[in-house]
Amino acid sequence: MDPQGSGHEPEAAPPRSAQPRVLAVAVQKGGTGKTTLAASLAVAAAEAGERVTALDLDPQGSLAGWGATRETDIVAIDRLQPWEIGQLPEILDILAQQGTTLVVLDTAGSASGLAPALKDADFVLMPVRPSRLDIVAARPTLQALMTLGLRGRFALVLNQCPPPPSPRTSAYAAQLRALGVLAEPGIIHRVDHQDALATGLGVTEYAPASPAAEEIRALWAWIDAKMRASDAQP
């Protein structure tokens, strides 16, 4: 009852929108194709029915630069400055009210500001090339994820792989698969990825019938299934 005695019930607050799922693409090493993957996965997710916002957290601003060249709004792209990363929970609330269902974070290739970004992630994808150097370089990010309690909510994807058959790629894939931290499929090094990024497109837009596009769609489907399985756990 209205405490003022007007006889009218107070209006109910509008329902809170569901929080968007958050996919972070992160590894503390440059040159792994992180931004290229983040861009194409954002587009593939949007094509699969998600309402996607991609946030560029990297001071280099490569994802935001890609977004500035796009001529379609299937993915919303914005850039967060380093001092704004701590406000990510509030930003996610705003995006939820705007109808976003998936947020893709392209993080910096350094430790600076990484933990505040990752703590809000539902899943973290770590791109690494099939080399011992890249696997070793991923360890600090893995340690950060463990510290944040994200065990079971991350995976490494072998990116920029040589065309098969590649015994080296197969060996690293077998090791990561045995540890239960391999995202599949791996992404073969193909020029379509670089050409798509250069023209402001995801690879599924640039070359929709290409093997590169099929790999990205399959990788998004794998990530989506992992996130849904995590959501279903009590």
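This is a predicted model: local features need pLDDT of at least 70, side-chain atom pairs count only at pLDDT 80 or more; totals for chains, interfaces and linings use all residues.
Colleague: Which residues does Ile-216 touch?

Modeller: A contact means heavy atoms within 4.5 Å. Leaving aside residues up to four places away in sequence, Ile-216 touches Leu-37, Ser-40, Leu-41, Ala-44, Ile-187, His-193, Val-203 and Thr-204. Take Leu-37: Ile-216 is 179 residues from it in sequence, yet 8.1 Å from it in space, C-alpha to C-alpha. Over the chain, 74% of the contacts between residues at least 6 apart in sequence join residues at least 24 apart.

Colleague: How many helices and strands does the chain have?

Modeller: Helices (H or I, at least four residues) and strands (E, at least two) are DSSP runs, numbered from the N terminus. Here the chain has 10 helices and six strands. Ile-216, for instance, is in helix H10.

Colleague: How many residues does the largest nonpolar core have?

Modeller: A nonpolar core is a set of buried Ala, Val, Leu, Ile, Met, Phe, Trp, Tyr and Cys residues joined through side-chain atoms within 4.5 Å. The largest one has 35 residues, and Leu-55, Leu-105 and Leu-118 are among those with the most contacts inside it. Elements that each supply at least two of its residues include strand S1 (21-25), helix H3 (88-97) and strand S5 (123-128). H3 gives the most, with four residues. Another core lies apart from it, with 32 residues, among them Ala-45, Ala-54, Leu-63 and Ile-223.

Colleague: How many aromatic pairs does the structure hold?

Modeller: In general, a pair of aromatic rings is described by the distance of the centres and the angle of the planes. Rings of Phe, Tyr and Trp (its six-membered ring) pair if their centres lie within 6.5 Å; planes under 30 degrees apart count as stacked, over 60 as edge-to-face and the rest as tilted. This structure holds one such pair. The ring centres of Phe-123 and Trp-222 are 6.1 Å apart with planes at 75 degrees, so the pair is edge-to-face. Phe-123 is in strand S5 and Trp-222 in helix H10 (residues 211-232), so the pair ties together parts 99 residues apart in sequence.

Colleague: Which residues of H7 are buried?

Modeller: The general idea first: an α-helix has 3.6 residues a turn, so residues three or four places apart point the same way. In H7, the buried residues are Thr-169, Tyr-172, Ala-173 and Leu-176. They cover an arc of only 105 degrees around the axis, which puts them on the same side of H7; the arc is that of the directions from the helix axis to the C-beta atoms. These residues pack against helix H5 (132-137) and S6, whereas the face turned away carries the exposed Pro-167 and Ala-178.

Colleague: And which residues of helix H8 (residues 191-198) are buried?

Modeller: In H8 they are Asp-192, His-193 and Ala-196. They fall within an arc of 105 degrees, so they line one face of the helix. On the face turned away sit the exposed residues Val-191 and Ala-198.

Technical notes. Residues are numbered from 1 along each chain as its sequence is written. Side-chain values use heavy atoms; hydrogens and water are left out. Buried means under 20% relative accessible area, exposed over 50%, partly exposed in between (1.4 Å probe, protein chains only).
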